[in-house]
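Here's a quick look at charged side chains and how they pair up. Have the model open as you read.

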Amino acid sequence: MVRCWNRSENLVEEAQCTDGAPGAAPRSHFPHKAVWISLAASLLLLVIALGLTGKLGLSQLHAQSSQIVRISAPDQSSGVLINQSAVVDAQKHLVTFTVTSLANQTSTVLFDIKHGLICYKPVEQSSCFLRKMEQPDFDNVQSFLQDQTHQQSHVQLSWNETQRRTEFLGVLANSQVDLSALDEPLKYLCQDRSVHWTRKSDGPGKQRLVYFCIDICFPSNICVSVCFYYLPE
């Protein structure tokens, strides 16, 4: 504190001054504001950086949970290699096959392991076909899910070591499925088609014709030819 003389009122007033020499400029408050602004800007940049890091982490996690496996197998009749691909999503328990025939036509087969369903979407048909998974189906797709991180991205099956079998599915014309009742993966796959239940049988019999077949191969050296025919209403 220093004493300052007020000439007009002849009174002595106390005023707070700087510690320096008389006439020194008062201490400014602007540096404090600059510090707070700098801290606020740094905090904002930190929040943005953490947000970007989190999005990148989620993207990498999704990429790691999905894997594309390409499968080459010789055709049973011609011996020509047929190329297939399977998108394996271990996190959602889904295996989606893209099957290309010798005529260069592509069909999609979805194994929904969580709900125990298989959905077939043939390229030449206006419908999807649905059936429940059985134990051999679970065993076949399990070859994709076991030790997924160590699996090869391309699997080539040999003619001599591959086990082949044929399955017949009868299409139940009167058993159309309500699309809204299906879970999201199946609903998305068949959003532009009707969906029908199928029934597994020993064969169509002499009075029924097989309309089309879809060949699916698995890394466990198993190929299944799934053939469809229509049952009477």
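Which side chain meets that of K200 in a salt bridge at 3.2 Å, N to O? That's E134. A salt bridge here is a side-chain nitrogen of Lys or Arg within 4 Å of a carboxyl oxygen of Asp or Glu.

## What we're looking at

This is a predicted model, where local features need pLDDT of at least 70, side-chain atom pairs count only at pLDDT 80 or more, and totals for chains, interfaces and linings use all residues. Residues are numbered from 1 along each chain as its sequence is written, and side-chain values use heavy atoms, leaving out hydrogens and water.

## K200 and its two partners

Helices (H or I, at least four residues) and strands (E, at least two) are DSSP runs, numbered from the N terminus.

K200 also has a salt bridge with E167, at 3.6 Å from N to O. That one links K200 in β11 to E167 in strand β10 (residues 163–177), 33 residues apart. As for accessibility, E167 is buried at 6%, whereas K200 is partly exposed at 36% (buried is under 20% relative accessible area, exposed over 50%, partly exposed in between, with a 1.4 Å probe and protein chains only).

## A buried pair and the network

D137 and R131 form a salt bridge too, with their closest N and O atoms 3.0 Å apart. D137 is buried at 5% relative accessibility, and R131 is buried at 3%.

The count comes to five salt bridges. Through shared partners, salt bridges join R131, E134, D137, R165, E167 and K200 into one network.
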